[in-house]
Amino acid sequence: MVHVPVDSINIDLPPSEFQMLNALFLANEQTSNWLTPVWLVALGFVGGFLLFGLFWLVVYFLTRVPGINRINESKPARLGVGLLLTGVFFALGMWLANQLGWFSTDVVASANPEARVDSQTEAGYSLLLAIIALAVTSPFAGFGLVAIASARRRDEVLSSPWDGPLYWLNWICAGSALFAVLGIGLWSTGGLEIFTIVDQPDQFMRSMVRLPSAGTYSKYFEIPVSADDDTGTTIDVSFNGSEIRWIQFESEQPLAIAAEAITKDLPELQVYRHATGTSGPWLTQASMNYETPIPQGPVQQLFVVNQGDSPTRLRVWWHTEPEFLQVAIVPMIAVFVACIYVFVMLLVALAPKITAVALATFKTESSQPIFLILVLFGLIFMLASVFIPYFTFGEDIKMYQDAGLTVIRVLGIFLAIWAASKSIAEEIEGRTALTVLSKPIGRVQFVLGKFLGILGTVGLLLLLLGLWFTIWTAFKPIYDTVETAERVFNWRVCFGYVVANIPALILIFFECILFVSISVAISTRVGILPNFLICFSIYVMGHLTASLVASKEVGSIELVAFFGRLISIIFPVLDHFDASTAIMTSTVVPFNYLAWTALYTLLYGTIMLLLSLLLFQDRDLA
């Protein structure tokens with residue numbers, strides 16, 4: 001790789017312009033640190049498209065199997081098979097959640113009663129969330145699979161991935177595949193002596209293969225009293241020492257533990273010894289310290305010498321991770337992308353009339369000039385904001401994240417209100433809705449189709465801006481280190497900031513879902529200007545309700561406190577969807593929080609859609 005020493009460039013430039021040039025040159029030099037997180041995200045989109053391709057092939061063959069492709073035509077058969085598949089998906093989902101450790105009550109500090117109580121409470125909440133989520137998704141998946149295999153729906157189901165929002169997603173996946181292949185190609189050719197996108201992608205692939213073996217494991221062993229010349233009782237374990245992140249032992253007797261027979265010739269450095277002889281966790285060892293009795297290769301057995309005066313029960317805990325745990329983002333994104341494809345195909349099979357309205361709405365709204373203007377404004381703002389100094393003494397990256405996420409939120413909500421007003425209110429005033437409803441489409445199907453079409457348009461906007469924001473979030477730490485003359489680059493740092501954006505973007509999407517449902521309800525009765533005014537008021541009140549309810553001054557006046565609680569029930573609590581505090585404090589947004597927020601969004605959005613149907617049901621369209 002050829003590096004250009006920036007210090008040797010003799011150009012008469014103002015200091016600010018020279019700093020910019022210096023930063024850009026060093027960013028070129030460190031492209032692999034910048035683009036490695038982007039390459040991992042791109043790999044996730046490629047994996048998601050491949051999963052979808054596998055699902056598409058399964059559907060293709062199911063629709064041509066005699067008997068299976070006729071189940072949906074018989075109501076008793078459809079009901080029976082649908083319920084059976086619903087039960088299968090529910091059981092499979094619970095098993096998978098248990099395998100992922102969502103219901104586990106084990107904690108590292110097992111001797112701490114408070115930690116164990118907190119762990120049991122969290123496991124209970126996780127169980128409740130899993131039951132609710134599977135109760136909603138399992139019937140949709142079960143009956144959807146029956147409908148999607150129908151020979152009657154074959155053509156529209158199999159062609160759905162090539163139209164509408166999935167058409168855009170196809171292009172994103174194609175661009176991601178090109179970027180992923182380019183990264184591997186440049187690495188294999190040494191970057192053409194210019195630059196590389198990712199260094200050693202083969203190691204990332206190996207870590208990805210080892211992901212299923214990652215996790216926390218626990219085993220119990222009975223250890224007898226050892227004689228003076230005993231080399232140790234063998235206990236069967238199975239892990240790779242280079243992947244061990246911590247290992248713990250619990251016993252009531254002092255023990256000596258090693259990866260080979262314990263003899264007088266064995267150096268003390270290679271033996272774990274109980275220091276106090278008391279029960280509880282002890283001898284925690286991280287794999288990053290290479291002065292460890294755990295060798296860096298595969299380990300199948302450990303040798304244990306019981307130095308106490310009675311037999312004891314030994315519990316061994318260990319946690320393993322692959323060399324690059326960051327590759328876990330690849331299957332997560334892959335599953336997310338595949339679920340989008342599967343959701344649309346199932347929706348087409350279950351509700352063809354609703355999806356027809358949704359597809360027409362999406363095509364209309366995504367082709368509007370306002371959509372292009374919002375996308376271009378977001379792209380330009382996020383690129384320009386990278387080079388704006390925030391004067392935060394080393395925290396510019398967090399200010400950039402907060403500013404970028406705020407712009408994405410505002411643009412998404414603006415598009416939701418605009419699209420709902422243009423697509424519903426103007427169609428009602430222009431008698432277009434009357435023409436649509438003159439066809440075999442009911443008012444319920446019309447409203448739900450409009451909601452899904454507008455939501456698809458907003459989702460596309462968030463996806464485009466989110467991916468663009470990801471690219472420049474990964475670049476911002478490199479630019480800032482150049483600005484502060486700290487030439488310390490690490491792709492893991494860039495990756496950490498990229499990952500921090502993901503839950504924030506998910507929360508923004510949830511908030512946009514609420515405003516789409518609210519705006520649809522308002523648009524059934526009023527036009528665009530009242531819609532914007534009402535939604536703006538809801539936005540302001542939604543961000544104030546939490547503060548009003550929590551205020552001591554408000555709580556001291558009973559009448560005011562009552563109205564504060566009433567407002568918090570009527571208006572959505574939008575502070576739930578704001579991740580700026582987590583961004584500023586470098587706090588990870590827990591998965592349970594996202595799940596509960598999703599449930600809140602589902603309940604509130606459903607209420608607003610029911611209100612939309614109620615308001616639109618008796619609306620005079622003539």
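Predicted model: local features only at pLDDT ≥ 70, side-chain atom pairs only at ≥ 80, totals over all residues.
1. Lys422 pairs with Glu426 in a salt bridge, and their closest N and O atoms are 3.2 Å apart. Because the two residues are four apart in helix 11, about one helical turn separates them. Glu426 is also partly exposed, at 41% relative accessibility.

2. Next, have a look at Glu427. The side chain of Glu427 meets that of Lys450 in a salt bridge of 2.8 Å, N to O. Glu427 belongs to helix 11 and Lys450 to helix 13 (residues 443-483), so this pair ties together parts that lie 23 residues apart in sequence. Are these two residues buried or exposed? Both Glu427 and Lys450 are buried.

3. How many salt bridges does the count come to? The count is 10. One more that deserves a visit joins the side chains of Arg245 and Glu321, at 3.5 Å from N to O. This pair links distant parts of the chain: Arg245 sits in strand 3 (residues 244-250), while Glu321 sits in the loop between strand 8 (312-320) and helix 8 (329-350), 76 residues apart. Arg245 has 16% relative accessibility, and it counts as buried because the cut-off for that class is under 20%.

4. Searching the whole structure turns up two cavities of 30 Å³ or more. The largest cavity has a volume of about 60 Å³. Which residues line the largest cavity? They are Asp402, Leu405, Thr406, Arg409, Ala504, Ile508, Asp578, Ala579 and Ser580.

5. Helix 11 (396-429) and helix 14 (491-523) each supply at least two residues of the lining of the largest cavity. Helix 11 gives the largest share, four residues. By class, the lining of the largest cavity comprises four nonpolar, two polar and three charged residues.

6. Turning to the outside, you will find a nonpolar patch on the surface, formed by Leu92, Trp95, Leu96, Leu100, Trp102 and Phe591. Together these residues have about 660 Å² of accessible area. Which helix gives the most to the nonpolar patch? Helix 3 (residues 75-99) does, with three residues. Phe591, for its part, has its place in helix 19 (residues 591-617).

7. Gln200 is not a glycine, yet its phi is positive, at about 50°. Gln200 lies in the loop between helix 6 (165-188) and helix 7 (201-209), and at 39% relative accessibility Gln200 counts as partly exposed.

8. The other angle belongs to Ser586, a residue other than glycine with a positive phi near 55°. Where does Ser586 lie? Ser586 is found in the loop between helix 18 (580-584) and helix 19. With a relative accessible area of 53%, Ser586 is exposed, because the cut-off for that class is over 50%.

Note on methods. Residues numbered from 1 in each chain as written. Heavy atoms only, no water. 1 Å grid on protein atoms, 1.4 Å probe; cavity = no way out; pocket = protein on both sides within 12 Å on 5 of 7 lines; lining within 4 Å. Points joined across faces, edges and corners; volume = space filled by probe spheres on them. Nonpolar A, V, L, I, M, F, W, Y, C, P; charged D, E, K, R; others polar. Patch = residues over 30% accessible without salt bridge, like charges linked within 9 Å, V, L, I, M, F, W, Y side chains within 5 Å. Areas by Shrake-Rupley, 256 points an atom, 1.4 Å probe, with all protein chains shown as cover. Salt bridge = Lys/Arg side-chain N within 4 Å of Asp/Glu carboxyl O. Buried < 20%, exposed > 50% of the residue type's maximum accessible area, 1.4 Å probe, protein only.
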